[in-house]
Amino acid sequence: MIHQPLPLKYASKLSFLSKNATSLISRLYFSSDISPKNDDVDTIFRIITSSTSCKHLKQSLKSSGVNISNDLVDKILKRVRFSHGNPLQALDFYRYIDNRRGFFHTAFSLDTMLYILGRGRRFDVIWDVLADTKRKDQSLISPRTIQVVLARVAKVCSVRQTVESFKKFNKLVPDFDITCFNALLRTLCQEKSMTDARNVYHSLKYDFRPNLQTFNILLSGWKSVDEAEGFLEEMREMGVKPDIVSYNCLIDVYCKDRQVEKAYKIVEKMRDEDISPDVISYTSIIGGLGLVGQPDKARDVLKEMKEYGCYPDAAAYNAAIRNYCIAKRLRDASGLMDEMVEKGLSPNATTYNLFFRVFYWSNDLRSAWNLYCRMMGTGCLPNTQSCMFLVKLCKRQEKVEMALQLWNDMVEKGFGSYILVSDVLFDLLCDMGKLVEAEKSFLEMIEKGHKPSQVSFRRIKVLLELANKQEALQNLSNKMALFGPSMIPKREEYLAEMSASDSFSS
């Protein structure tokens, strides 16, 4: 059953403690050494998504027989986030738990709830939640919280509105300092443009004292060599000494601009200053050599870096493999992947995606499928990008059995984005008249707590109506209704959450 409030005799003893100390003790009380059961997460998640009102939610939670802990709340809100659940239903749950005597949310729960609200563009509610949090436990509002909120604001609002939202945090966070300013700059670099970030930096830099992290955030986004060099000079003028991160940013800019010789000079400068280049430094150079058409020289860097006591990791090998894939030298690329394994490094999803991309553009489903089987055999689970390459190839060549095998693996092992992959899968199944399989896959997706897109639902609905399967149609409609009012995120928001490191179209 749900934990009861702390007994009065204990509550009275806590009355003299600070809010932070009280919240800490409460979290210890509501925490558990035992990880929440998946069944409990499923049960509460379904209660949230099927609730018709706040009163109905409370009654269902009380009668659920599930122990509510901080760990469980974290997992439930995470499920709501990745299933693109209704933000207001999630908020009802969050507030109901928050109002229980002696319960304090974790920072993770707060940030996840704010993310869910931000994606639903409930910005007015976000500030209400933050105000409530300040009154109850201000320590939860951190620079990470600022970045979560500002990232959602910046996606749909102007730079000016984003900065205005940032200034509101002055009255919310315990310390409105340079770490908060850095959170704003990082958001602008990611969601807007480097020009916007630079302009905001110059307009507000006198209100905060920029530190090394400030400059490294801004350096990491430069595409212009001249501007990056000028910014590094400004950094020195302000008495901030560049570190390995600063130099790596500059190396990356040079390499992306195909100025590999200048990148090598930075490496020498680092050594002169007793800063040892790391694997990130060499990985950038490997990528730069690939851009200037020297994949073999890039491979030699893998050997040369060892002489300086720096050993390549998976990312370094991936950069070298990428060079060969771009040059369509798959034999050499495959040889490097074998070398990775010999060196004790495990190829990851990014490694395999480099090959999947080549097979996708050459329409080679057989090679892609063989690679997929090898990937699964090694225990490396595909990510969303891998799945999209494969399911799109299956659709292109009308290979229903392969597409269903991929889907079954996703359902069984829990990898990839159900939302993105299902859209392509349902298109294929409906085109091929596989209504039974489409209905089964649709229900499997819902059973996993993921809401199919309205586009897919309408497609299957039309076929069910044509087949006069009214009972099946009613069942699917009822299942969809469990997710509440339609909350359809933009497709680019789905893509932004893809775990792949490269865009699908690159």
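Glutamate 164 is partly exposed, with a relative accessible area of 40%; the term covers values between buried (under 20%) and exposed (over 50%), for a 1.4 Å probe and protein chains only. This is a predicted model, in which local features need pLDDT of at least 70 and side-chain atom pairs count only at pLDDT 80 or more, while totals for chains, interfaces and linings use all residues. Residues are numbered from 1 along each chain as its sequence is written, and side-chain values use heavy atoms, with hydrogens and water left out.

What does glutamate 164 meet in a salt bridge? The partner is arginine 160, at 2.7 Å from N to O. A salt bridge here is a side-chain nitrogen of Lys or Arg within 4 Å of a carboxyl oxygen of Asp or Glu. Arginine 160 is exposed, at 54%. Helices are DSSP runs of H or I with at least four residues, numbered from the N terminus.

By this rule, the count comes to 21 salt bridges. One of them joins arginine 198 and glutamate 227 at 3.0 Å, N to O. That pair links distant parts of the chain, helix H12 (residues 194–204) and helix H14 (residues 225–237), 29 residues apart. Glutamate 227 is partly exposed, at 35% relative accessibility.

Let us turn to helix H9. Of its 14 residues, 10 are buried, among them Thr145, Ile146 and Val153.

Finally, salt bridges that share partners join Arg46, Glu447 and Lys479 into one network.

Notes: Helices (H or I, at least four residues) and strands (E, at least two) are DSSP runs, numbered from the N terminus.
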